[in-house]
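Biologist: I am new to this structure. Please show me how to read it.

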Amino acid sequence: TIKLPNKHFDTLLYTGNGGTQSITGLEFQPDWVWLKKRSGTTNHLLFDSVRGTNKSMNSNGTGSEDTSSTNKLTSFNSDGFTLGSNASGNNNSDTYVSWNWKGGGTASSNGDGSITSSVSANTSAGFSAVTYTGTGSNATIGHGLGVAPQAYIIKRRDSGSGNTNWRVYHHKLNGGSNPEQYHLILNATNSESGQSNIFNDTAPTSTVFSIGTHASTGENSGTYIAYCFS
């Protein structure tokens, strides 16, 4: 039981100023920030401390990670984050929402899986952000939660052949029967689908989740981000 959940997750609303501004009001330093403009059409922007500042992903698309050195999210702060002038997240007079999660701070190396990962894990709240590099073989990835995750979302970061869909595991897919054999696509409207080379038809454990050889989860030399929830 988490007595004060707003010390681990909270939502902030703000108005863009077209320049630089710090968004405050959290009771923690976020490790995952998800932004969306409310007053107009634009992409969702996802940032995390494991990949580093100014590295955004669009949860509504299939594009690779975008890096901007100065004008997106420039720092994770003790009570929020600082934005640059990028119009997607800070256009003057536009209104925005940010969903913010506390991880485990600076990522650490995790050798629990067959592939070494970098993990920022908040075991109290059951959230971790994980990066890893695929090998082109079936593999396991350490997630740092200490219990088996019930859901995770994986996206390829680089622009290789696997620069495609966000893959979602959830323990209630297929009615909870062999859910590891199924997945959802975060950025599309498809129903659940069975495909053995996404999660290698293998359920997660208290230390690792499994990936197959599909380009969206485990292609050789592909780089990936996973958000895990227990």
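**Charges, fold and one histidine**

Modeller: This is a predicted model. Let us start with charge. The protein carries 14 positive and 14 negative side chains. The centres of these two sets lie 4 Å apart.

Biologist: How many helices and strands does the protein have?

Modeller: Two helices and 19 strands.

Biologist: Why is the protein said to be as compact as a globular protein of that length?

Modeller: Compare the radius of gyration with the globule rule. The rule gives 17 Å for 230 residues, and the protein has a radius of 17 Å, so it is as compact as a globular protein of that length. Along its principal axes, the C-alpha trace spans about 45 × 40 × 35 Å.

Biologist: What share of the residues is buried?

Modeller: Buried means under 20% relative accessible area. Here 47% of the 230 residues are buried.

Biologist: And the surface? How much of the accessible surface belongs to carbon and sulfur atoms?

Modeller: The accessible surface comes to about 9,500 Å², and 42% of that belongs to carbon and sulfur atoms.

Biologist: Now a single residue. Where is His 44 found?

Modeller: His 44 sits in the loop between β3 (32-37) and β4 (45-48).

Biologist: Which residues does His 44 touch?

Modeller: Leave out residues up to four places away in sequence. His 44 then touches Trp 34, Leu 35, Lys 36, Met 57, Asn 58, Ser 59 and Asn 60.

Biologist: How far apart in space are His 44 and Val 208?

Modeller: They lie 28 Å apart, C-alpha to C-alpha, and 164 residues apart in sequence.

Key: Residues numbered from 1 in each chain as written. Predicted model: local features only at pLDDT ≥ 70, side-chain atom pairs only at ≥ 80, totals over all residues. Heavy atoms only, no water. Helix = DSSP H or I, 4+ residues; strand = E, 2+ residues; numbered from the N terminus. Rg over C-alpha atoms; globule rule 2.2 N^0.38 Å. Buried < 20%, exposed > 50% of the residue type's maximum accessible area, 1.4 Å probe, protein only. Areas by Shrake-Rupley, 256 points an atom, 1.4 Å probe, with all protein chains shown as cover. Lys, Arg positive; Asp, Glu negative; His and termini not counted. Charge placed at Lys NZ, Arg CZ, Asp CG, Glu CD. Contact = heavy atoms within 4.5 Å.
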